[in-house]
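Hi everyone, thanks for coming. I'd like to walk you through one structure today, so please have a look at it first.

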Amino acid sequence: MTGLLYPWWVLVRFWTVPIRAESLAAFRIALATTILLAQFTGLGWNMQLCCTGDDPLIPSSTRDAWLARSGRICLLRGPVSLPLLGEWLPDRIFGSYFKPTRQALENWCPAKWAEAWREWGERPENIQLLFRVYLLSLGMVLIGLRTRLMTLVALLLAATFNNRMVELLNGGDSLFRLGLYYLMLSPAGATWSVDAWLRDRWQSTALPQPWTRPRYIEPWSVRLMQIQIAFMYLFTGLTKLADVRPDAQWGWWRPRGDWLDGNALYWVLNDVALTRWSFAQFPVPLFACKLLTWGTLLFEIFFPLLVLFRWTRGMTLLAGVALHLGILLTMEIGWFSQVTLCWYLLFVPGERLAAWLHRMLGRTPTAPE
Amino acid sequence: MARQLLQRVGRCVKATIIVMIVTWHLFFLLIRNPLDLWDDAIKQWLVQQQLWQDDPPTPEQEDARYNLRPAYRFLDELTHRYAQTTGTEQRWVMFTPPLARRAPFLAVRLEFADGSQVVVPSDNEPPDPTDFLRIGGWQIRKLEDVIMDLPSTRGAANPEWPMWEAYIRWRVRHWKKNYADTDREPVRVVLLKRIIEFPGPFEPPNRYASGESEELLSFSPEGKLLP
C-alpha cells in the first residue's frame, strides 16, 4: 500500500490487526501483583488508623458531602453516585433536558435502604470484610479466574477504598484504577490465565497447553491503554514546559520555569519531604541535574512520538525504565514508579514475552493457530 | 441461512459497540486532559476571542460573537463526572513548576497546666535534614498535607472538619502512649507548620534552614477548636 491511502491503511491496521495476547496478560499479572502489594503496605497498613479504629483519622461521616458533590463511588457510604441506585445524571450536566427520563433512571434505592446500607458500611468488621473481598478479587485477576467479572469487582472496591481514604492517595493510585478500568474492557484472561486453561480443557485435550499456545486478540483495548499512558506523559511534560498564565509578550503560554532552566531535578532532590535521603548525603553535580532535567522533559513530551516507531520504541522504553527506577530509588512516593512500569509491558510484543517465558520454562513454542 | 444472518448481525452490533467505546475514550482523553490542566487559561482565551459569555455577561463579554460557554460547560461536566464515577481521573501534574524551595511539616505543640510545653514533630519530618533515610510513611504525609491546608469554614458547618479534630486526638494519644510514665495532661494543643528551606544550587548542599514555625490553630486535647 503506497500513496495517499498509506496513512489510512496504517491507522486501520493499528486498530484492527489482531495482536498476541501475552502483553495484555503480562500487564494483568503485573498490575494485580503490584496493587496487591500496595494494599498490604499502604491502605491495608493504615486501615486501622484511618478507617476502622475506635477514633479513626478519617471519620466516615466526612465522606458523604464530598462523594455526592464529586460524583464518586464508595460502596461503604450507600448508593451515592451509583448508576440507577443513586443520583448519577445530575442537572449540572444535563440542565433541564430529559428531566422526567432522568428522574426515572435515578434513586432506585429507597431512602430507608440507603440509610441501612450506610450504617452497614460504618461497622469496622464490614469494612474489613469488604477489604478482604477486594484482595480476593485482585488475587482472582492475578490468576485470571473469571477475569472480567473479578476486574469489575476489583475496580468497584478500589474506588470504594480509595474514595473512603482519598487523603492518602497519589498518582500511583490513579494508575491502579485506570489499569483495572481498561482491563475490564479488554480480554485480559485470553491467555496465561485459569480461564484460558479451563477453556482449553473443555474444548479439546489434544491442543497444546495454554502456556505455550499462541493466542490472538483484537487490539483496540491494548491500543487505548497505550494511548492513555502516552497522554499521561505528554500532558505531564507540557505542564512542566510552560506556565499558563497571562504574559504581556507571549500571551497565555510562556515557556519558562524550573524545567527549562534545568534546575528542576535539583529542587526535587532537595525536597526533604519527599526524598529517601538528604541531598547533602549524596550531592549530585548541578550539570548532571540539568542534563537529567532536560532529558526527563524531552522524554515525557516526545514519548508518544518515540514509542510509535519500532526503531525508537525499545530505547524509549529503556529510558522510561531508567527514569522510574531513579524515581523509585530516590523518592518516597509510594507505588507510582512500579505501577507505571507495569504499563510498559503493553508496548512489548507478545511474541517476545512468550519467548522469554518459554526460555524460562525450557519449552519450545508451538506454531500460531 | 438464518444462523449466518444472525452471526453477521451479531458481528455488526459488536463492531459498532467497539467503535463507540473507542471513539468515546479518545474523545474523553482529548477533552479531559487539557481541561484538567488549563481550564482557567482556556476560558480566558475564549473570552479574549469573544467566544464566551458568563451568565450574566460582564461588560467586556457583551460583544461576544458566539457563546461557547454552554457547550464548554456541558463537555467539562460530562467528562469530569465520567472520570470521577469510573475512577479514570487524568490531571497528570507530578512535579509541575514552580517546584518547592521549602518543605512544610505538620507538628503539634502540647501545652500543659503547669505552663510547660513540648513540640511533637511529624514522623515524616527528618530530625536532621542533612542526614536521614526514609522508607514508607508517604500516606500519612499526604494526610498531613491535607490537614495543613486549613479550610475557610471550620467547625460544625464543615462536614469534613471531624478529620482535623480526629488528627488532634490522635497526636495526643500518640504522645501519651510514648510517655506513659508521665502524669502531665495537655490542656491545649497548637497545630504548627514547620518549614525547612532548601539551599540554592550555588550554596553548600548542607545549608538547610529549619526553625521557622507558624501557628495554625489551637484545639483542646479532645479536638475542639479553641479561640
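Before anything else, a word we'll need: buried means under 20% relative accessible area, exposed means over 50%, and partly exposed is in between, using a 1.4 Å probe and protein chains only. What you see is a predicted model, where local features need pLDDT of at least 70, side-chain atom pairs count only at pLDDT 80 or more, and totals for chains, interfaces and linings use all residues. Residues are numbered from 1 along each chain as its sequence is written, chains are lettered from A and ligands numbered from 1 in the order in which they are written, and side-chain values use heavy atoms, with hydrogens and water left out.

Okay, let's start with helix H3 of chain B, residues 138-148. Helices here are DSSP runs of H or I with at least four residues, strands are E runs of at least two, and both are numbered from the N terminus. Why do we call H3(B) largely enclosed by the rest of the structure? Because eight of its eleven residues are buried.

Now the strands. E1 of chain B, residues 102-112, is mostly covered as well, with nine of eleven residues buried. Who are its partners? Two strands count as paired if DSSP finds at least two bridges between them. E3(B), residues 186-197, runs antiparallel to E1(B), and eleven bridges join them; for instance, Ala103(B) sits opposite Ile196(B). E2(B), residues 117-121, also pairs with E1(B) in the antiparallel sense, over five bridges, and there Arg109(B) faces Val119(B). Four residues lie between the strands in that E1(B)-E2(B) hairpin, and Gly115(B) takes a positive phi near 90°.

Zooming out on chain B, the domain assignment, which is automatic or from a database, gives domain 1 (2-95) and domain 2 (102-226). Their C-alpha centres are 41 Å apart.

And chain A? That one has 18 helices and four strands, and its C-alpha trace spans about 70 × 65 × 50 Å along the principal axes. Of its 369 residues, 54% are buried. Take contacts, meaning heavy atoms within 4.5 Å: among those in chain A between residues at least 6 apart in sequence, 69% join residues at least 24 apart.
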